Amino acid sequence: MLMKTAAQSLTEQLSARFAERIRSRLLAPGARLPSVRQCAQQQGVSVSTVVAAYDQLLAQGLVEARKNRGFFVRDLSSAFAAPASARLTAGPPTALSGDPASPVWSTSAWMATRQAPVDASALIRGMFHRVSNKPQPGMGVFPPEWLDTSFMPAAVRKVTSGSALRDFSLSYGEPMGDSGLRRALSQKLSVLNVHAAPEQIITSVGATHALDIVSRTLLRAGDCVMVEEPGWAVEFARLDALGMRILPVPRSASGPDLNVMARYCETHAPKLFVSVSVFHNPTGYCLSPGSAHRVLQLANQHNFHIVEDDTYSHLAPDHATRLCALDGLQRTIYVSGFAKILAPGWRVGFMAAPTDLVQRLLDTKLLGTLTTPALLEKALAWCIDQGQLRRHAERIRTRLDAARARSVKLALAHGCSFAAEPAGLFGWVDTGVDTDALAQRMLDEGYLIAPGALFHAVRTPTTLMRINFATTQEAAFWKVFARLRDAML
């Protein structure tokens, strides 16, 4: 709640609050600000105070007024470069509504109907620019105290003893990545029935970097890419920035909508399919063997590659269905990393690829980063070889199971329902109200939530939101949520 002070008027406080959120992209370009009356009611101030605050935002060039519609956040990047959304990216609304065979529109026709672009940067920035010291339900990471271990510092000391630190510092690492780590990863993947020789594995600066290497190697601007929807907000935004045509594929409990994929293949000849088979983000779904088999049939029939993002493999059972295990790394590329489970700051990821793609992927990596940090890769190899990573993952899974049980109970008790069976790290929750609007109200209380619109190729209002089970197991969050949600009903 705003409080009048000698140093700053209510108008200045309200204007500064919106300005900070716009600049940090917690309010996405194109997002509509609350109406003047709504804002006055929410903040407990007069209508004239809100009008004056919005005028200040207009004067700063942060918002624009649209006649009879209200105030909207401006795209601050447009003054420096054409925004990614000005390129031909996603398919038209008719494709989103179940007609993937319709032609891809021209840029001008598509932009005339497109709503505010996906703003995944809000979630990313929230990892570095904390809204408050409260647990953040919208974040996709474990709390730091869950990841605090003694064996990681020990690993670093082990691999930097003697002259090793000097040697690491004075030379580049191996282009493919540390050979010891690649051997350890090859053995680890074999447990998942993904058989990849060390020579098929390339390390990266995190899993997101690996996905980017794959995209830059296999795709060119304007190519069509199938992506599961709902899906990882960052993946939509990343492909959009590269100028790809995004073809959203509805994701169900058993897997992607195979009929939609088939029609996309016949009409748009996609080059790539991006999939999260195990503990899908945000739903928690796991791929069924039957769906996996049919997806691979489509890939072979229509000549496209599949990149399988297995970021949550450390939380999942080894026997879970993975496309790469069934395909034997023929048309599939396996991607994973260790930021979620072990060391976000180490930024160690990797990909396992078909033999005929390895050199092309390596060339792309070399052009982007030359090599990856040998010190951290050797330390991670030690953690894997000593069994430390396996034991740590087991502890995290046990802790997450308990947190999930508490979070689900609290969510149900506060009037929510689950659109997908709770599993893994995330819950796909139906709140009953527009979660874009709810998100702004929650920010006022110090909570960053992940509204469901972020997980779609074209941002449209939804009552769904993604929660992190590790950070929603306290009643305090749900009490605030219920109070604000009920005020919107």
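Trainee: Which elements do the buried residues of helix 17 pack against?

Mentor: The buried residues of helix 17 (374-385) pack against helix 8 (151-159), helix 9 (164-170), helix 10 (179-191), strand 3 (201-204) and helix 18 (388-413). Please bear in mind throughout that the model is predicted.

Trainee: Which residues of helix 17 are buried?

Mentor: An α-helix has 3.6 residues a turn, so residues three or four places apart point the same way. In helix 17, the buried positions are Ala 374, Leu 376, Glu 377, Ala 379, Leu 380, Ala 381, Cys 383 and Ile 384.

Trainee: How many residues has helix 17, and what follows the helix?

Mentor: Helix 17 has twelve residues, and the span from its first C-alpha to its last is 16 Å, close to the 16 Å expected at 1.5 Å a residue. After the helix comes Gly 387, which has a positive phi, near 80°.

Trainee: How many helices and strands has the protein as a whole?

Mentor: There are 20 helices and 13 strands. The protein has 489 residues, of which 56% count as buried. Among contacts with a separation of 6 or more, 72% come from residues 24 or more positions apart.

Trainee: In what order do the four strands of the open sheet lie?

Mentor: Strands of a sheet pair through backbone hydrogen bonds, either parallel or antiparallel. Here the four strands of an open sheet follow the order 10-11-13-12, with antiparallel pairing. Strand 10 (417-418) and strand 12 (450-451) are the edge strands, each pairing on one side only. Strand 12 pairs with strand 13 (residues 464-468) in the antiparallel sense over two bridges, and Ala 450 has Arg 466 in strand 13 as its bridge partner. The side chain of Arg 466 has a contact of its own: its charged end sits over the ring of Phe 426, 4.0 Å from the centre.

Trainee: Which other arginine lies over the face of a ring?

Mentor: Arg 66 lies over the face of Phe 72, at 4.0 Å from the ring centre.

Trainee: How many aromatic pairs does a search of the whole structure find?

Mentor: A pair of aromatic rings is described by the distance of the centres and the angle of the planes. The search finds twelve aromatic pairs. For Phe 18 and Tyr 54, the ring centres are 5.8 Å apart and the planes stand at 75°, so this pair is edge-to-face. Phe 18 belongs to helix 1 (residues 10-23) and Tyr 54 to helix 3 (residues 47-59), so that the pair links parts of the chain 36 residues apart.

Trainee: Are Phe 18 and Tyr 54 buried or exposed?

Mentor: Phe 18 counts as buried because its relative accessibility is 5%. Tyr 54 is buried as well, with a relative accessible area of 1%.

Trainee: Which residues do ring pairs link into a cluster?

Mentor: The cluster consists of Tyr 447, Phe 477, Trp 478 and Phe 481. Tyr 447 lies in the loop between helix 19 and strand 12, and its relative accessibility of 5% is why Tyr 447 counts as buried. Tyr 447 and Phe 477 are 30 residues apart along the chain, and their C-alpha atoms are separated by 8.0 Å.

Trainee: How many salt bridges does the structure hold?

Mentor: It holds 15 salt bridges. One of them joins Arg 21 to Asp 444, with the closest N and O atoms 2.6 Å apart. This pair links distant parts of the chain, with Arg 21 in helix 1 and Asp 444 in helix 19 (residues 435-444), 423 residues apart. Arg 21 is buried, at a relative accessible area of 7%, whereas Asp 444 is partly exposed, at 24%.

Trainee: In which helix do Arg 238 and Glu 235 lie?

Mentor: Both lie in helix 12 (residues 233-241), three residues apart, which is about one turn of the helix.

Trainee: What is the N to O distance in the salt bridge of Arg 485 and Asp 486?

Mentor: The distance is 2.7 Å, N to O. Arg 485 counts as buried at 6% relative accessibility, while Asp 486 is partly exposed, with a relative accessible area of 43%. Elsewhere, salt bridges that share partners join Asp 212, Arg 216, Glu 235 and Arg 238 into one network.

Notes
Residues numbered from 1 in each chain as written. Predicted model: local features only at pLDDT ≥ 70, side-chain atom pairs only at ≥ 80, totals over all residues. Heavy atoms only, no water. Pairing = 2+ DSSP bridges. Expected span 1.5 Å × (residues − 1). Buried < 20%, exposed > 50% of the residue type's maximum accessible area, 1.4 Å probe, protein only. Contact = heavy atoms within 4.5 Å. Phe/Tyr/Trp six-rings, centres within 6.5 Å; stacked < 30°, edge-to-face > 60°. Lys NZ or Arg CZ within 6 Å of the ring centre and 35° of its normal. Salt bridge = Lys/Arg side-chain N within 4 Å of Asp/Glu carboxyl O.
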